[in-house]
Amino acid sequence: MSELTVRAEKLDAADELAPLRSRFVLDTVSDHAADAAGVYLDGNSLGALPANVPARIEDVVRRQWGELRIRSWDESGWWTAPERIGDRIAPLVGAAPGQIVVGDSTSVNVFKALVAAVRMAGPARDEILVDATTFPTDGYIAESAARMTGRTLRPVTPSEVPSALSDRTAAVLLNHVDYRSGRLHDLPSLTAAIHASGALAVWDLCHSAGALPVGLDEHGVDLAVGCTYKYLNGGPGSPAYLYVRRDLQDRFDSPLPGWNSHAEPFGMSQSYAPAPGALRGRVGTPDILSMLALEAALEIWDDASVAAVRAKSLALTDFFLECVTAYTEPGRITSVTPDAHEERGSQIALRCPDAGDVMKRLIDRGVVGDFRNPDVLRFGFSPLYVSFAETERAARVLGEVLG
Ligand SMILES: Cc1ncc(COP(=O)(O)O)c(C=O)c1O
């Protein structure tokens, strides 16, 4: 055994989150020879399946839908699921209850949040800033939101935001963690700078919620969105969420005022009157099957704290970088993820010219990360289920493939 495999064993033995792994459906070492077992490092794209989800979905489909049918809107709590599950996500992103609703995709929630932010900022502010390195959907939606609201869209990198802000800025749309590099942006200081200019801050939490502390209330974030299929393990296409800070909710003027956000949805009035609170973020009938799969997936958080997850995430990513350095020829790959903990999300992104081919070969060997055009290998570390032994094995296989 090498020194690194011995270290991995010790780190796993001391890991307080290690027992949670058995609550996910994953390859286990007993299914395979230790070195042939798959290593899943793509939870930053699609989280693994929590073991309690299949039975929950079976119950939702067979009993709630099949037997109770329409009664389930009340009796099974279907109607209130968006706000109930929003309240379950709230502590994970540092929000008090009553500020998050679940539903729609992240893209749709980016649209709602950004247009609503521009409307709140008022007509004198004619510019929207967007992260120039953003996950593309946010940029596309921001461009359309700017066109629809008659504002100018200005793409800037997050570090350029403070100098780009002015009394013209209506809203700024930023990613908390960069999807490609894994860089964690400074949400507290950027939010403070945005507020100092009188603009509103809209944060995309796709790559941070469930992986690290966000502190939405503490830092006075105005609006935020995020997906639930990455570190929250809600399943493919599980619904996203929208946070609207409590004191802004009365001014939240949704660009998608569907009947689910009406003060009296069953009043069937021809004129729109918004519901109070976070409910204003709802649009149409919730996608109950996905939503209740997500609700089951979130139960793991009864036994895990965000602080413990963050500590393990940093330990895993530190250990991975150390193993990669040990197993790879110098200069063959470079890390594009910052070394500093305060600038690192829960993934490591490595750059090499043949990244596409390298990832194919890694996947053939059971190490599943992903490739981002043109030259980035991404490895996501989901602390609820990734072990140190797997981390060492992934780096070792990477070294062999690169060699
Ligand atoms: C930062 C970010 N925003 C948005 C999305 C996707 O949005 P949607 O849930 O609408 O597909 C992703 C997907 O990976 C993402 O990384």
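Visitor: How far apart do the C-alpha centres of domain 1 and domain 2 lie?

Guide: The C-alpha centres of domain 1 and domain 2 lie 30 Å apart, and the contact takes 27 residues from domain 1 and 19 residues from domain 2, where contact means heavy atoms within 4.5 Å. This is a predicted model, in which local features need pLDDT of at least 70 and side-chain atom pairs count only at pLDDT 80 or more, while totals for chains, interfaces and linings use all residues. Residues are numbered from 1 along each chain as its sequence is written, and side-chain values use heavy atoms, with hydrogens and water left out.

Visitor: What makes up domain 1 and domain 2?

Guide: Domain 1 covers 3-37 + 305-402 and domain 2 covers 55-302, with bounds that come from an automatic or database domain assignment.

Visitor: How much area do domain 1 and domain 2 bury between them?

Guide: They bury about 1900 Å², 60% of it on carbon and sulfur atoms; buried area is the accessible area (1.4 Å probe) that two parts lose on being put together, summed over both.

Visitor: Why is the pair of arginine 183 and glutamate 343 called a salt bridge?

Guide: A salt bridge is a side-chain nitrogen of Lys or Arg within 4 Å of a carboxyl oxygen of Asp or Glu. The closest N and O atoms of arginine 183 and glutamate 343 are 3.1 Å apart, so this pair meets the rule. Between domain 1 and domain 2 the count is 1 salt bridge.

Visitor: What makes β12 and β15 a pair of strands?

Guide: Strands are DSSP runs (E, at least two residues), numbered from the N terminus, and two of them pair if DSSP finds at least two bridges between them. β12 and β15 have 5 bridges in the antiparallel sense, and therefore they count as paired. Among the partners, isoleucine 348 is bridged to phenylalanine 379 in β15. Both strands belong to an open sheet of 4 strands in the order β11-β12-β15-β14, with antiparallel pairing.

Visitor: Why are β11 and β14 called edge strands?

Guide: β11 (334-335) and β14 (370-372) are edge strands because each pairs on one side only.

Visitor: What is the peptide bond from asparagine 373 to proline 374, cis or trans?

Guide: That bond is cis, with omega near 0 degrees, and proline 374 is found in the loop between β14 and β15. Most peptide bonds are trans.
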